Amino acid sequence: MHDRASATLPRLLAISGSIRRESNCTAVLRSLQALLPDSASVELFALDEIPLYNADLDGATPPPAVVKLKQAISQADGLVLCSPEYNYGMPGVLKNAIDWASRPGFASPLKGKPALVITASPGTSGGVRAQAQIRDALAATLARPVVRQHVAIANVAAQIRDGRLVHEPTLDFVKAALHDLLDEIALLSGAARRSGRAE
Ligand SMILES: Cc1cc2nc3c(=O)[nH]c(=O)nc-3n(C[C@H](O)[C@H](O)[C@H](O)COP(=O)(O)O)c2cc1C
């Protein structure tokens, strides 16, 4: 399933659904490394340079930013997405990135990739209305959205200081969700080893 054997050193790729400089969602993702065990790492991938999906560009030489995104997904053991809700749904920026990464259909780097979905909003809903859309789009690519209580961070702007999430109860909740993701990665890599599919 993985492009790299890393059952003991999971590498996570964090993708924000907002490309705004002061994005709360990106701030949440910047806070993850401190919540992970030493054995795990997380890297942020910014979607700023991903063009709008165009199948005409999705041939032998896709746009360089798309190549980088797909490589980063391939090399990761799991994904953490944190996204705002725009008009009760997933921002186009995130959907567009999932569309690029989803090709070739059902055989893309997203196939089999465990993905923790976090939403966040300065409002009271925590962006929860985008959760189903994000999970559905991931499921369409054969990625594996982690099945757990939704992580929807309400009132997020008040929980950020100096570009990091600082609200302890929310950090605890996010940490538990990250551990669920790591458990899912371990479960899947164990299953792949037992079936002889691991590298
Ligand atoms: C086009 C647009 C639509 C939005 N729609 C919603 C919405 O439906 N629900 C919500 O809670 N916030 C909504 N917001 C507010 C965003 O949650 C808020 O701007 C948030 O901070 C964006 O995430 P970021 O800080 O990571 O950039 C909307 C913002 C924009 C720009």
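I call a residue buried if 20 or more other C-beta atoms lie within 10 Å of its own, exposed if 12 or fewer, and partly exposed in between, with C-beta atoms placed from the backbone. The model is predicted, so I take local features only at pLDDT of at least 70 and side-chain atom pairs only at pLDDT 80 or more, while totals for chains, interfaces and linings use all residues. I number residues from 1 along each chain as its sequence is written.

Helix α4. I looked up residues 131-140 and found Q131, I134 and L138 buried. Those residues sit on the same side of α4, because they cover an arc of only 75° around the axis. (Helices are DSSP runs of H or I, at least four residues; strands are runs of E, at least two; both are numbered from the N terminus.) On the other side, I found D136 and A139 exposed.

Next I checked packing, counting a contact when C-beta atoms, placed from the backbone, lie within 7 Å. The buried residues of α4 pack against several elements, including β3 (78-83), α3 (92-101) and β4 (114-120). Just after α4, I noted a positive phi of about 70° at L142.

V156. I placed this residue in the loop between β6 and β7 (160-161). V156 is buried, with 25 other C-beta atoms within 10 Å. Leaving out residues up to four places away in sequence, I see V156 touch N24, A120, S121 and P122. V156 and C25 are 131 residues apart along the chain, yet I read 8.4 Å between their C-alpha atoms.

Ligand. I call a residue near if its C-beta atom, placed from the backbone, lies within 6 Å. Of the 15 residues around the ligand, S18, S23, N24, C25 and P84 come nearest.

Key
The arc is that of the directions from the helix axis to the C-beta atoms. Two residues are in contact if their C-beta atoms, placed from the backbone, lie within 7 Å.
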